[in-house]
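Okay, thanks for coming, everyone. Let me put the structure up.

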Amino acid sequence: MILTYKECIERFGSDYMIKKEVREGNLFQKEKGLYSDKELCSELELIVAKYPRAIFTSESAYYYHGMTDVIPDCYCFATQRGDTRIKDKRVKQFFVNEELYNTGRQNITYQNMNIIIYSKERLLVDLVRFRSKFSLDYYKEIIGNYRRIVDELDFFSIEEYAGMLRYGKKIMDTIQLEVM
């Protein structure tokens with residue numbers, strides 16, 4: 001389990017006790033401010049603990065939802081527009097308006113871990129909305145995978161999210177042509 005410095009203070013009582021636990025091998029410091037009760041833990045666990053308010057989006061979310069087998073080069077997060085810039089080379093940050101930030105937000109279990117991620121419906125709208133930012137092969141692969149699961153998608157959610165956007169009708173027309 002990953003613990004923040006604050007959680008360690010609550011659990012062990014003081015900075016001295018945290019350092020003592022680290023020396024005794026009961027606690028392992030993974031990064032500045034992040035500790036683990038296990039010697040080995042995944043980088044994904046550390047990233048999720050380090051940025052608890054961020055939501056997985058874009059390439060990371062497509063991969064975690066199984067829409068592509070391309071492993072992303074970095075972790076893609078959406079944060080609110082007013083949030084602090086993340087200065088981590090492993091993270092690609094997208095700033096999102098407050099009205100759109102929580103739309104399509106959900107929790108899923110990935111490798112026995114709870115992660116906050118956008119829904120497949122939200123990601124489909126974003127894929128069409130930002131298709132020029134993806135390579136054609138990558139875009140076609142994901143669209144093809146959406147065609148395979150078209151019966152599982154909630155089209156009311158897709159329409160609702162697209163309706164919140166400036167070019168929502170154009171996005172919906174594209175989804176109707178390419179996915180259905």
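So, let's begin with Asp173, which makes a salt bridge to Lys169, with the closest N and O atoms 3.5 Å apart. Keep in mind that what you're looking at is a predicted model. Both Asp173 and Lys169 sit in helix α9, four residues apart, so that's about one turn of the helix. Lys169, at 62% relative accessibility, counts as exposed, because the cut-off for that is over 50%.

There's another pair like this in helix α2, residues 15-24. Here Asp15 and Lys19 meet through their side chains in a salt bridge, 3.0 Å from N to O. They're four residues apart in that helix, so about one helical turn separates them. Asp15 is partly exposed at 29% relative accessibility, and Lys19 is partly exposed too, at 47%.

Now for a pair that reaches across the chain. Arg53 forms a salt bridge with Asp83, and the closest N and O atoms are 3.4 Å apart. Is Asp83 buried or exposed? It's buried: its relative accessible area is 19%, and the cut-off is under 20%. If you skip neighbours within four places in sequence, Asp83 is in contact with Arg53 and Phe95.

How many salt bridges are there altogether? The count comes to 10. Some of them share partners, and those join Glu31, Glu43, Lys50, Asp88 and Arg90 into one network.

Last stop, back to α9. Helix α9 (residues 168-178) packs with helix α6 (residues 120-129) at an angle of about 105°, and their axes are 10 Å apart. An angle from 65 to 115 degrees counts as roughly perpendicular, so that's what α6 is to α9. On the α6 side, the contact is made by Leu124, Val125, Val128 and Arg129; on the α9 side, by Ile171, Thr174 and Ile175. Sort the residues of that contact by type and you get five nonpolar, one polar and one charged.

That's my tour, thanks!

Note on methods:
Residues numbered from 1 in each chain as written. Predicted model: local features only at pLDDT ≥ 70, side-chain atom pairs only at ≥ 80, totals over all residues. Heavy atoms only, no water. Axes fitted to C-alpha atoms, helices over the stretch in contact; angles between N-to-C directions. Helix = DSSP H or I, 4+ residues; strand = E, 2+ residues; numbered from the N terminus. Parallel < 35°, antiparallel > 145°, perpendicular 65-115°, else oblique. Contact = heavy atoms within 4.5 Å. Nonpolar A, V, L, I, M, F, W, Y, C, P; charged D, E, K, R; others polar. Salt bridge = Lys/Arg side-chain N within 4 Å of Asp/Glu carboxyl O. Buried < 20%, exposed > 50% of the residue type's maximum accessible area, 1.4 Å probe, protein only.
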